[in-house]
Amino acid sequence: MVKSRDWILVIIVFSQFACTSLWFASNAVMPGLIQEFNFALSDLGSITSAVQFGFIVGTLSYALLTLADRFSPSKVFFLSAVAAAAFNLGLSWGEHSVMSVLGLRFACGFFLAGIYPVGMKIASDYFETGLGKALGYLVGALVLGTAFPHLLNSLELNFSWRFIFFITSALALSGGLLIWLLVPNGPYRKLSQKLKWSALFSVFKNRKFRMASWGYFGHMWELYAFWAFIPVLLLHYQQLQQQALRVSVISFFTIAIGGLACVISGWASQKYGSKVAASISLLGSGVCCLLSPLAFYMPPALLLIFLLIWGMLVVADSPQFSALVARHAPASNRGTALTIVNSIGFSITIISIQLLSLLLHHLEIHFLFLVLVAGPLVGLAAMRRFGKEEF
C-alpha cells in the first residue's frame, strides 16, 4: 500500500496506460486477422467500433449500478481489468468468425468502462485540489495508448499477431493488480450506501456540472473523428501533392504529442484554472478546423507542424473538462457522474465519425474537417455560460 500522493498518481497513470492498451490492440493486428481468418476489409470498421459500443454500454451499466460509488473503486478497477484482459486474450485462441471477434471486442470495451472513468474517480478521491493537473497525466496516458497502434504499424516487427494480445493482456493485468494492491480508497472518497437510480439524472441538476459536461461533449465531437481521419488526410495529401509520406509515423506523433499537451494543460490549470485552460485549447482546435482546407496545399514540413499543433490542442482540454465535471459532481456520486458523462461523450464520437464517413463520399475532402468546428463552438458557448471558476 502506497501513502504518498505523488506515487499514487504514478501508479494510476501507469495502470491507466497499461489497461487502455487493450482498447486498440485489434487495430495493431488487423492485417493478421484478415490474412488468417479471411475477413473482408469492410469488417475492419465494425471490429474497431465494437470496442466503442461496448464501452458505451459498459459506462451506462456501471453508472446505473453506481458501482464505483458503492464499492471500492480500486477493486472495481482491478476486476474490470481482469475481465477486459480475459476477453482480449480470447482473440489469441482458436479460430474466429467476424461475429466472435465482434463479441470479444465488445466485451473488452464493456469492461474498459471500469478502467478509464474509474481511474479518474480514484484520482479525484486523492486530489481534491490540483485535480486538473492529476487528470492531465491520466488522460495523457490514454492518448499514448491511442497512438500505440500507429507506432506498431510504423515498425517492422516479426511478432505473431497473437503475441500482441498476450502482451496487452499481461499489461492490463499488471495495471489492475497495482491499483488493487497499492492504491487504497482515497481520503476524499464519500461512500454511497445504496443503489440510487436517480443519481443518473440528479447529477445534471447542478448548472456548472451541466456546462462542464456540454463542454466535454463539444470536445468529443471533434477529438476521435480527428484521430480517426488523420490517415485519410495524409493519404489524400500524398495523392494531391505527389509527396511520399510515412503515414503511420506522422499519425503516431500527431496523436502521441497530445499526451504532452494534456500534461501541459494540467500544469496550466494550477495557475489559470481548468476553465481557462480548456477554453484556450477549444478555441485553438476550432481555428485548426477552420484552417484545415489549407492543409492540403501546405509544404510537407508546414503540414507536419500544423498537425502537431492541432494534435496538441484537440485533446489538451479533455482532462480539464473531466476535472470540472468531477469538481462539480456530488461527492457521493462522483464515480457515476464521470461514468455517465464518458458514456454520452463516446456516443457522440460514433456519430461524428459516422458523419465524416458518410460525407467522405459526398463532400470534397478539403472541406471535410470543417464539420468538426461545431464541437469547439458548442464547448466554448458552454464555457461562457459556466460562470466564474473557483479553484
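In the predicted model described here, Y116, P117, M120, K121, S124 and D125 of helix α8 meet R334, G335, L338, T339, N342 and F346 of helix α17, where contact means heavy atoms within 4.5 Å. By class, this contact has 5 nonpolar, 4 polar and 3 charged residues; Ala, Val, Leu, Ile, Met, Phe, Trp, Tyr, Cys and Pro count as nonpolar, Asp, Glu, Lys and Arg as charged, and the others, Gly among them, as polar. Residues are numbered from 1 along each chain as its sequence is written. The model being predicted, local features need pLDDT of at least 70 and side-chain atom pairs count only at pLDDT 80 or more, while totals for chains, interfaces and linings use all residues; side-chain values use heavy atoms, with hydrogens and water left out.

Turning to the whole fold, the protein has 18 helices and 0 strands (DSSP runs, with H or I over at least four residues for helices and E over at least two for strands, numbered from the N terminus). Of its 391 residues, 58% are buried, that is, under 20% relative accessible area with a 1.4 Å probe, protein chains only.

A nonpolar core is a set of buried Ala, Val, Leu, Ile, Met, Phe, Trp, Tyr and Cys residues joined through side-chain atoms within 4.5 Å. The largest one holds 104 residues, of which W23, Y224, W227, L234, L303 and F346 touch the most other members. Helix α12 (residues 207-241) gives the most to this core, with 17 residues. Beyond its neighbours within four places in sequence, L303 is in contact with L233, L234, Y237, L245, A295 and M298. Another core, of 12 residues, lies apart and includes L33, F37, F39 and A50.

How values were computed. Buried means under 20% relative accessible area, exposed over 50%, partly exposed in between (1.4 Å probe, protein chains only).
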